[in-house]
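This report considers a surface patch, a contact and a pocket in turn.

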Amino acid sequence: RDYDFVLLSFDSAVTLTGASFSWLYSSNDSQVSVAALNDTSALTSGVNTWSDIVADALTSASYDIENCDYLEHRADFAFTESAQYWLVGAYNTVFGNIGGYIGNDAFKLANVGFSITDTTGTPDTTEVSEPGTIGLLMACSLFVMWRRKKAI
């Protein structure tokens, strides 16, 4: 069986939160499969099966596509992993079997939702002891006052 997937590549690692679809082949029974990848080498070799690709993935899952009032169709993802590369495509039970029917999962991907993991953290701070700083300030002030008195 042939499955079509879209490879999404980001500048940094992100977590996919969902996707919306502008058209579905079957609005009654449509699913989407998603996987987070460390790299794309498994996709470019030409010898890997979908099972090989999923085995090397950080995570993978399949989700039902639901009809919504404010969007035509959407799927909310429950991923906690972040990755730079994401595969989004037609339902494939290798990614996660949720009991859907294979073969009617054609869709038009309208957009994806994602969140960026903040990896900057807190900046390193250097502790300064207050008594030493105050003493140095007082010594410099006394020196400046002494120089001014001497100049007059």
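Is W146 buried, partly exposed or exposed? W146 is partly exposed because its relative accessible area is 47%, where buried means under 20%, exposed over 50% and partly exposed in between (1.4 Å probe, protein chains only).

## Basis of the model

This is a predicted model, in which local features need pLDDT of at least 70 and side-chain atom pairs count only at pLDDT 80 or more, while totals for chains, interfaces and linings use all residues. Residues are numbered from 1 along each chain as its sequence is written, and side-chain values use heavy atoms, with hydrogens and water left out.

## Nonpolar patch

W146 belongs to helix α3 (residues 130-151), and together with F143 and V144 it makes a nonpolar surface patch of about 330 Å².

## The contact of S20

S20 is part of strand β1 (residues 5-24) and counts as buried because its relative accessibility is 5%. The side chain of S20 makes a polar contact with the side chain of N111 at 2.9 Å.

## The largest pocket

The volume of the largest pocket is about 270 Å³. Its lining comprises 17 residues, of which Y3, D4, A90, D105 and A106 are the closest to its centre.

Strands β1, β6 (83-90) and β7 (107-116) each supply at least two residues of this lining, and β6 gives the most, with three residues.

## DSSP runs define helices (H or I, at least four residues) and strands (E, at least two). A polar contact pairs N or O atoms, donor with acceptor, within 3.5 Å. A pocket is an open set of points on a 1 Å grid where a 1.4 Å probe fits, with protein on both sides within 12 Å along at least five of seven lines, and lining residues have an atom within 4 Å of a point.

Note on methods. Patches are made of residues with over 30% relative accessible area and no salt bridge: like charges are joined within 9 Å, nonpolar side chains (Val, Leu, Ile, Met, Phe, Trp, Tyr) within 5 Å. Accessible areas come from the Shrake-Rupley method with a 1.4 Å probe; for residues, only the protein chains shown count as cover. A salt bridge is a side-chain nitrogen of Lys or Arg within 4 Å of a carboxyl oxygen of Asp or Glu. Grid points are joined across faces, edges and corners, and a volume is the space filled by probe spheres set on the points.
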